[in-house]
Amino acid sequence: MKTMAGSVGIVEKKFFTFAEPPNELVLESGEKLGPITLAYETYGELNEDRSNAILILHALSGDSHAAGFYSKNDKKPGWWDNVIGPGKAFDTDKYFIICSNVIGGCQGSTGPSSINPKTGKPYALSFPVITIGDMVNAQTHLIDYLGIEKLFAVAGGSMGGMQALQWAVAYPDRVHVSIPIATTAKLSPQGIAFNEVGRVAIMMDPNFNGGNYYGGEIPRRGLALARMIGHITYLSDESMHEKFGRALRGKERPSFRFDVDFEVESYLHYKGDTFVERFDANSYLYITKAIDYFDLSYGTGSLVETFRDVKSSFLIISFKSDWLYPPYQAKEIVKALMVNGKDVTYCEIDSKYGHDAFLLDEGEMSVVIKNFLEHHARRLGILKD
Amino acid sequence: MERTVRIDHNVIVRLIPEGSSVLDLGCGDGSLLKKLKDEKGIQGKGIEISEIGVKQCISKGLTVLQGDIDEGLRDYPDKSFDYVVLNQTLQVVKKPDLVLSEMLRVGKRGIVGFPNFAYWKIRLYLLFEGRMPKTRFLPYEWYNTPNIHLCSVKDFEIYCAEHGISIERRIYISTERGGRILRGVMPNLFAENAIYVIRKNG
C-alpha cells in the first residue's frame with residue numbers, strides 16, 4: 001500500500017442476509033429467491049440524522065470493494081478509489097459511503113456460484129434470471145438494515161448508472177440525488193450483441209458443462225474470451241492508438257506465426273486471463289443478461305412517462321469517446337427528465353478513454369461530482385456553510 | 001469589457017421579476033444565472049455548449065445542460081419559462097432566426113442582449129482603418145472571431161417587425177465614461193450594446 005493520504009485506508013467486507021424463506025424476495029420474473037446475502041462495505045461515518053448516505057453502484061465486473069485496501073500489504077485499492085475517500089468527490093469526511101455486490105454476483109453476494117440451501121449444491125443455471133430492478137430491490141433491504149430511510153445520493157457508471165436510474169424511478173422517496181454516469185435508459189442492440197457474443201464464448205467452452213463446472217475445470221477460455229471482447233468495447237480507437245499503437249510485444253520483428261505479436265493482443269490476453277481468476281462465468285451470464293433486459297420505458301411505453309413521478313435531482317455524465325454507451329443515449333435520459341420539468345444537469349466530458357473513462361477519471365468527472373454533491377448537501381442541510 | 005458585462009447583467013436582473021422561471025441560453029460560466037438566483041430568487045436553468053462553462057455552472061450550484069442551442073429547444077414545451085435569456089450569444093449562433101423563434105415559443109418573453117455593430121466607433125474604424133472593426137466588445141481578429149452573425153440595433157428592430165415580434169423594452173448601453181445606460185437619440189449610432197425584452201405577437 002503506497003499512501004494513506006486521500007485513502008479510506010483499511011476496509012472490511014461485511015455481509016447481510018435477508019429474505020429467509022418463507023419471506024423470499026420476489027423477482028421481476030416472478031420467481032422467488034432466498035435467503036439472499038449481500039456483501040457490502042462502508043466508508044466514512046453515518047451522521048446523527050442518517051441523512052448523509054451515498055450508495056455506490058458497481059458495473060458488470062465490479063464488487064463491493066469500491067475503495068481502500070483489505071490489508072497493509074494489499075497493493076490494489078477498490079475499483080473507484082480515485083473518487084472515494086477523504087477530500088475526494090465522494091468525500092468520506094462528509095458522507096457515509098456504501099457499496100454492495102449485486103445479486104447474481106460472485107464476490108460475496110448470492111449468485112449462481114452460491115450454494116442453494118435446498119440442494120446443498122451451487123445454484124449454477126438453476127439460479128433465477130435477475131434484473132437491474134431485482135438488484136435495486138435487494139439493495140433496499142440493506143439500506144433498511146443500515147437504518148437509512150432516504151439516501152442522499154446514488155451513483156454509478158455503466159450498469160451502476162442503470163441502477164442509479166432504477167433507484168430514482170422505483171424509489172422516488174428514498175433518493176435525493178441520482179448520478180448516472182456513462183449509461184443508458186435501455187441497452188442498445190449493439191450492446192446486447194456484444195454481450196451475447198461473450199455469453200456464447202462461455203457456453204461454447206468445453207468445460208462449461210451446462211453451467212455445472214464448480215469443483216472441476218472452469219470454462220476458462222470462454223470467460224477470458226468474453227472479457228477480451230468486453231475490453232475492446234470499453235476502449236476507444238484513440239485510446240488504443242495511444243496505449244498500444246502497433247507496438248510489438250517483446251520482439252523486434254513479427255513472428256510470422258499466430259503467436260501474440262502486438263501489445264494490444266498481449267493486453268487483451270492479460271485482461272482475459274486475470275479476469276478468470278476472480279470472476280465466475282455463470283455470474284457473467286446472469287449479469288450481462290440483466291444489462292440486456294434493462295429498459296426503463298418497459299411497462300410505461302415511454303421514458304417520459306417513466307420519469308413522471310421521480311423526485312430526485314439528477315447529474316447525468318457521459319463521455320464523448322464512449323461508443324458503447326454514447327452521449328446520445330445519455331441525452332435521451334436528459335430530454336425525458338427535462339420534458340417532465342425535473343431538475344437535471346448534464347455534462348459531456350471530452351475524454352478520449354471511451355467507456356472506461358468513468359473508471360480512469362483524470363479529475364474532470366471528480367470535480368463535477370464533488371461540486372454537485374456539495375451544492376445539494378448544503379441545500380438539504382447535510383452540510384452547513 | 002468586464003464592467004460593461006456587469007452592466008448588462010445588472011440591467012437584465014432589473015428586468016426580470018422576482019421568482020420568475022428563467023432559461024439562459026448560452027449561459028457561459030453561469031454568473032448571470034447565479035446573480036438572478038441570488039437577487040431575484042428565480043427558478044433558473046442554463047444551456048451551455050462548452051464543458052468548461054458547464055463545470056463552472058455546476059460549481060455555482062446551478063442546473064445546467066451541456067448542449068447546442070442551434071439544435072433547437074424542441075424538447076421544451078411551449079411557454080415553459082417566464083423568460084428566456086439570450087445575452088451576448090445571438091451573434092455566435094449558426095441560426096439566429098431559429099434560436100429567436102424557439103426562445104419565443106418556449107418562453108413567455110425573451111431578453112436578447114447583443115453588441116451593436118452600427119456603433120459609431122465601429123463605423124469609424126471601418127471607415128478610416130479599412131479593417132474589420134475591433135472593440136472592447138469585439139476583441140477578435142476576422143479569422144478567429146466566434147461572432148458570425150453580428151447585427152445592428154436597426155437590423156434587429158427590422159427583424160422583429162418582419163417576424164411578428166413585439167419589442168416591450170429597449171435598453172441601450174454605452175461603455176463610455178465607465179459604462180452607462182443611454183437615454184436619448186440615435187441609439188443605432190451611440191449604443192455599444194442593446195438589450196431588448198421581446199414577445200411573439202398573438
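This is a predicted model: local features need pLDDT of at least 70, side-chain atom pairs count only at pLDDT 80 or more; totals for chains, interfaces and linings use all residues.
Residues are numbered from 1 along each chain as its sequence is written, chains are lettered from A and ligands numbered from 1 in the order in which they are written, and side-chain values use heavy atoms, with hydrogens and water left out.

Helix packing is considered at the outset. Two packed helices are described by the angle between their axes and the distance between the axes. Axes are lines fitted to C-alpha atoms, for helices over the stretch in contact, and angles run from 0 to 180 degrees between N-to-C directions. Helices (H or I, at least four residues) and strands (E, at least two) are DSSP runs, numbered from the N terminus. Between the chains, helix H10 of chain A (residues 364-379) packs with helix H3 of chain B (residues 51-59) at an angle of about 30°, and their axes are 8 Å apart. H10(A) and H3(B) are therefore roughly parallel to each other; angles under 35 degrees count as roughly parallel, over 145 as roughly antiparallel, 65 to 115 as roughly perpendicular and the rest as oblique. The crossing of H10(A) and H3(B) is left-handed, a term used if the near helix is turned anticlockwise from the far one by less than a right angle, with right-handed used if clockwise. In this pairing, Glu364(A), Val368(A), Asn371(A) and Phe372(A) of H10(A) are in contact (heavy atoms within 4.5 Å) with Glu51(B), Lys55(B), Ile58(B) and Ser59(B) of H3(B). By class, 3 nonpolar, 2 polar and 3 charged residues make up the contact of H10(A) with H3(B). Here Ala, Val, Leu, Ile, Met, Phe, Trp, Tyr, Cys and Pro count as nonpolar, Asp, Glu, Lys and Arg as charged, and the others, Gly among them, as polar.

Within chain A, H1(A) and H2(A) pack at an angle of about 70°, with axes 9 Å apart. These two helices, H1(A) and H2(A), are therefore roughly perpendicular to each other, and their crossing is right-handed. Residues of H1(A) in the contact include Ile132(A), Val136(A) and Ile143(A), while those of H2(A) include Met159(A), Met162(A) and Trp167(A). The contact of H1(A) with H2(A) has 7 nonpolar, 5 polar and no charged residues.

Helix H7 of chain A (residues 281-293) has 13 residues, which at 1.5 Å a residue should span 18 Å; the end C-alpha atoms are 19 Å apart, which agrees. The expected span is 1.5 Å times one less than the number of residues in the helix. H7(A) is mostly covered, with 11 of its 13 residues buried. Buried means under 20% relative accessible area, exposed over 50%, and partly exposed in between (1.4 Å probe, protein chains only). Among the buried residues of H7(A) are Ser283(A), Leu285(A), Ile287(A) and Asp292(A). Their cover includes helices H1, H2, H3, H4 and H6 of chain A.

Gly104(A) lies in the loop between strands E8 and E9 of chain A and is buried, with a relative accessible area of 0%. Apart from residues up to four places away in sequence, Gly104(A) touches residues including Phe127(A), Ser283(A) and Ile287(A). Ser188(A), in the loop between strand E12 and H3 of chain A, is likewise buried, at 8% relative accessible area.

In chain B, Leu15(B) belongs to helix H1 (residues 2-15) and counts as buried at 13% relative accessibility. Although 182 residues separate Leu15(B) and Val197(B) in sequence, they are 8.2 Å apart in space, C-alpha to C-alpha.

Phi of Arg50(A), a residue other than glycine, is positive, near 55°; Arg50(A) counts as partly exposed at 39% relative accessibility. Phe256(A) also has a positive phi near 55°, and at 66% relative accessibility Phe256(A) counts as exposed.
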